[in-house]
Amino acid sequence: MTQISSGRQATRSLISTLIVLAAASLAACGKQDAPSTPSSTAAPAASTAAPAPAAAPAAENTVGKSVFGKTCSMCHAAGVAGAPKPGDKADWGPRIAQGKDVLYKHALEGFTGAKGMMPARGGGASLTDDEVKAAVDFMADQSR
């Protein structure tokens, strides 16, 4: 009887976590800024801004900081579904040790691991690869 009770409790905990994650992901979808100019003029601006995250030093990663604040912080600020909090060296250390390519892949494509799950692009489907990478860099740099 105790095993059944603890099994139900684990299932309820998992369901609660999934509900919170789903709510955070849905909330993140609405946090994207809509372009204020026609798409024909928006494309050149995006192409000139794209290299900045890779070239900018960690202290100047304004794109990563902005994306974190608008999308990633929904889960990472509170540790929802096992999301590592920026600055938590113990939680980020093993992730950082895997290398940036692995961090980028998990952030871009999504990942489910022993500690939780990461939705693809943090639930921000409209984020570009460079924006996601800048946000990963921003969080990792705070956690070294």
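From the N terminus on, the elements of the protein chain follow the order α-α-α-α-α-α-β-β-α, giving 7 helices and 2 strands, where helices (H or I, at least four residues) and strands (E, at least two) are DSSP runs numbered from the N terminus. The model is a predicted one, in which local features need pLDDT of at least 70 and side-chain atom pairs count only at pLDDT 80 or more, whereas totals for chains, interfaces and linings use all residues. Residues are numbered from 1 along each chain as its sequence is written, and side-chain values use heavy atoms, with hydrogens and water left out.

Of the 144 residues in the protein chain, 27% are buried, a term that stands for under 20% relative accessible area, with exposed meaning over 50% and partly exposed in between (1.4 Å probe, protein chains only). The accessible surface of the chain comes to about 8800 Å², and carbon and sulfur atoms account for 61% of that area; accessible areas come from the Shrake-Rupley method with a 1.4 Å probe, and for residues only the protein chains shown count as cover. When contacts (heavy atoms within 4.5 Å) are taken between residues at least 6 apart in sequence, 65% of them join residues at least 24 apart.

In soluble globular proteins, nonpolar side chains tend to be buried together. A nonpolar core is here a set of buried Ala, Val, Leu, Ile, Met, Phe, Trp, Tyr and Cys residues joined through side-chain atoms within 4.5 Å, and the largest such core has 16 residues, with Cys72, Trp92, Val132, Val136 and Met139 making the most contacts inside it. At least two residues of this core are supplied by each of α4, α5, α6 and α7, and the largest share, 6 residues, comes from α7. Valine 136, when residues up to four places away in sequence are not counted, touches Leu103, Tyr104 and Ala107.

Serine 66 is found in helix α4 and counts as partly exposed because its relative accessibility is 32%. Although serine 66 and alanine 134 are 68 residues apart in sequence, their C-alpha atoms are 9.3 Å apart in space.

Two residues other than glycine have a positive phi. Alanine 81, with phi near 55°, is placed in the loop between α4 (62–76) and α5 (89–97), and it counts as buried because its relative accessibility is 15%. Arginine 121, with a phi of about 55°, is placed in the loop between β2 (116–118) and α7 (129–142), and at 22% relative accessibility it counts as partly exposed. Leaving out residues up to four places away in sequence, arginine 121 touches Thr71, Ala107, Leu108, Leu127, Thr128, Asp129 and Val132.

Grid points are joined across faces, edges and corners, and a volume is the space filled by probe spheres set on the points. By this rule there is 1 cavity of 30 Å³ or more, and the largest cavity holds about 80 Å³ of space. Its lining consists of 11 residues, of which Cys75, His76, Met118, Pro119 and Gly122 lie nearest the centre; α4 and β2 are the elements that give two or more residues to this lining, and α4 gives the most, with 4 residues. By class, the lining of the cavity has 8 nonpolar, 3 polar and no charged residues, where Ala, Val, Leu, Ile, Met, Phe, Trp, Tyr, Cys and Pro count as nonpolar, Asp, Glu, Lys and Arg as charged, and the others, Gly among them, as polar.

The second largest pocket contains about 500 Å³ of space. Among its 29 lining residues, Pro84, Arg95, His106, Phe111 and Met118 are the closest to its centre, and two or more residues are given by each of α4, α5, α6 (100–109), β1 (111–113), β2 and α7. This lining divides into 18 nonpolar, 7 polar and 4 charged residues.

Definitions and conventions:
On a 1 Å grid over the protein atoms alone, a cavity is a set of points where a 1.4 Å probe fits but cannot get out, and a pocket is an open set with protein on both sides within 12 Å along at least five of seven lines; lining residues have an atom within 4 Å of a point.
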